[in-house]
Amino acid sequence: MIGVVGGSWFSFVGGLLMMASCGTRDVSSGDDFAGARAAMVAEQLAGRGVRDESVLAAMRVVPRHRLVPDDVRSYAYADSPLPIGWGQTISQPYIVALMTELARVTKGARVLEVGTGSGYQAAVLAEMGARVFSIEIVEPLALRAQADLAGLGYSHVSVRAGDGYLGWPEEAPFDVILVTAGATHVPQPLLDQLKPGGRMVIPVGETAEVQALRLIVKSAEGDMEERDVLPVRFVPLTGERAERKNEAQDATEK
Ligand code: SAM
């Protein structure tokens, strides 16, 4: 297995290696972490084969340490997911980079993120010049991410508290959809809200233990082409819609 993301901080501490979970900006003030960030990009990202220079450039700039809670700040650039409260995690830097690279984000692209968490993935997308719409089901996380992103000057990010299973119909269609929580199936509303030619990256798996990081490309005719890229481990996609569909699937399978 190349990597697993979103896995628990405790399993990291226990030694599980290789876990795989704009406007005017004020991102550099008081930055004692510039060296750690540069090393993260060189070793964890470029060193593992991330080639998209726009992704590497964005991750050289976004202050990950300002989007994580104080008690884990000194680990902000570690090769690991980290706890961010409410039982949730910020994904491992490599997985953020890989998902962003697979999505082929261009300047001005309209991007939907499901699972705002800390706001870090959204900040990376905004740093690349995307117009970002991000939904988080845990309201306090959504509020905190929104405030932190605004504090860093990422004005092209809109955060909403709610169930991302349903997407953001008022702002659709999207060039890119990134789902940063593990789903048992691909939500139909998200497929519907993807533009022809658009790309979706989503962890999909039947168990909470492991998912496949799936790339879905919608053709001009609306057909879906899918490829599983890597085994990963994300916290689950929750919410009534995701859970109701799972129960219906379980009942059919019995
Ligand atoms: N992208 C985040 C970041 O950069 O910090 C990390 C995301 S974390 C691995 C997954 C997030 O998805 C959690 O914050 C969780 O609360 C959220 N989530 C789970 N189910 C969701 C749903 N149905 N709609 C929106 N957010 C959801």
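Around the ligand stand 28 residues, of which Ser118, Glu136, Asp163, Gly164 and Thr238 come nearest; a residue is near a molecule if one of its heavy atoms lies within 4 Å of it. The structure is a predicted model, in which local features need pLDDT of at least 70 and side-chain atom pairs count only at pLDDT 80 or more, while totals for chains, interfaces and linings use all residues. Residues are numbered from 1 along each chain as its sequence is written, and side-chain values use heavy atoms, with hydrogens and water left out.

**The shell around the ligand**

- By class, the shell holds eleven nonpolar, 14 polar and three charged residues. Here Ala, Val, Leu, Ile, Met, Phe, Trp, Tyr, Cys and Pro count as nonpolar, Asp, Glu, Lys and Arg as charged, and the others, Gly among them, as polar.
- At least two shell residues come from each of β2 (88-90), β3 (110-114), α5 (120-127) and β4 (131-136). Helices (H or I, at least four residues) and strands (E, at least two) are DSSP runs, numbered from the N terminus.
- The largest share, three residues, is supplied by β2.

**Polar atoms facing the ligand**

- In the side chain of Ser118, a polar atom lies 2.6 Å from an oxygen atom of the ligand.
- For Glu136, an N or O atom of the side chain is 2.6 Å from a ligand oxygen atom.
- Glu113 places a polar side-chain atom 2.9 Å from a nitrogen atom of the ligand.
- On its own the ligand has 600 Å² of accessible area, and the protein covers 99% of this. Accessible areas come from the Shrake-Rupley method with a 1.4 Å probe.

**Gln193, a loop residue**

- Gln193 lies in the loop between α7 (188-192) and β7 (194-204).
- Its relative accessible area is 8%, so Gln193 is buried (under 20% is buried, over 50% exposed, and partly exposed in between, with a 1.4 Å probe and protein chains only).
- The Gln193 side chain reaches the backbone nitrogen of Trp168 at 2.8 Å.
- Beyond residues up to four places away in sequence, Gln193 touches several others, including Leu112, Leu166, Trp168 and Phe174; contact means heavy atoms within 4.5 Å.

**Glu209, another loop residue**

- Glu209 is found in the loop between β7 and β8 (211-218).
- Glu209 is exposed because its relative accessible area is 56%.
- Apart from neighbours within four places in sequence, Glu209 is in contact with Val232 and Arg233.
- Glu209 and Phe234 are 25 residues apart in sequence, and their C-alpha atoms are 8.1 Å apart in space.

Note on methods. A polar contact is a pair of N or O atoms within 3.5 Å; within protein, one must be able to donate a hydrogen and the other to accept it, and residues adjacent in sequence count only if both atoms are side-chain atoms.
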